[in-house]
Amino acid sequence: MSTVALQDSGTALRRLYFVRFAFALVWAGLLFATASSLGLVSVALLVLYPVFDVAAAIVDLRASKETRAGAGLYGNVAISLLAAAGLAVAASSGIPGVLRVWGAWAIVAGLVQLGVGVVRRGMGGQWPMILSGGISVLAGTSFILQAGADGATLANLAGYALIGGIFFLVSAVRLRPGAASGR
């Protein structure tokens, strides 16, 4: 990989990570405000999140062709499209159904994020992404378990998104265009 390509990828990823942080912050606030029930706004927000993830993965693919993360990012696009459709359907069955679909998506997407972070660790700033991927797997499992509990709520999804956004912010700050070692 050339130094110029790595710098361009690093700059584009840094910008994308800042955008992902801002989106997560706003999205989490809106979902938290509507989390008590599955209304039109909360369902729209639930479907919007994986759709935004698809768009971010496509931007990432275009910006970082040189980072060998393509297979994981293509996988992320497919997984997130399935999640958006699954969430739209699950919303008709109630919050537990949504939590199960979200949990399954969080597990698989977390594994993909972890893998992409490992592939990119030479760029620097990827340890937060690796940690976030691992945490996503654990959080996804907890969402599936919460779906069977009394009083299941969407509020935990807002917290999950906010924490993920913070990891994107930390990664953006730590990402150094042209960095040769993982951080």
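**Close-up 1. What lines the largest cavity in this predicted model?** The lining is made by Arg-20, Phe-23, Ala-24, Tyr-49, Phe-52, Asp-53, Ala-161, Gly-164, Gly-165 and Phe-168 (lining residues have an atom within 4 Å of a cavity point; a cavity is a set of points on a 1 Å grid over the protein atoms alone where a 1.4 Å probe fits but cannot get out). Sorted by class, that's six nonpolar, two polar and two charged residues (Ala, Val, Leu, Ile, Met, Phe, Trp, Tyr, Cys and Pro count as nonpolar, Asp, Glu, Lys and Arg as charged, the others, Gly among them, as polar).

Residues are numbered from 1 along each chain as its sequence is written. Local features need pLDDT of at least 70 and side-chain atom pairs pLDDT 80 or more, while totals for chains, interfaces and linings use all residues; side-chain values use heavy atoms, with hydrogens and water left out.

**Close-up 2. Helices around the largest cavity.** Helix 1 (3–34), helix 2 and helix 6 (155–174) each give two or more residues to the lining (helices are DSSP runs of H or I, at least four residues, numbered from the N terminus).

**Close-up 3. Helix 2 against helix 4.** The axes of helix 2 (residues 40–63) and helix 4 (residues 95–119) come within 12 Å and cross at roughly 15° (axes are lines fitted to C-alpha atoms over the stretch in contact, with angles from 0 to 180 degrees between N-to-C directions). That makes helix 2 roughly parallel to helix 4 (angles under 35 degrees). Touching here (heavy atoms within 4.5 Å) are Leu-46, Tyr-49, Pro-50 and Asp-53 of helix 2 and Val-98, Trp-102 and Trp-105 of helix 4.

Note on methods:
Angles under 35 degrees count as roughly parallel, over 145 as roughly antiparallel, 65 to 115 as roughly perpendicular and the rest as oblique. On a 1 Å grid over the protein atoms alone, a cavity is a set of points where a 1.4 Å probe fits but cannot get out, and a pocket is an open set with protein on both sides within 12 Å along at least five of seven lines; lining residues have an atom within 4 Å of a point.
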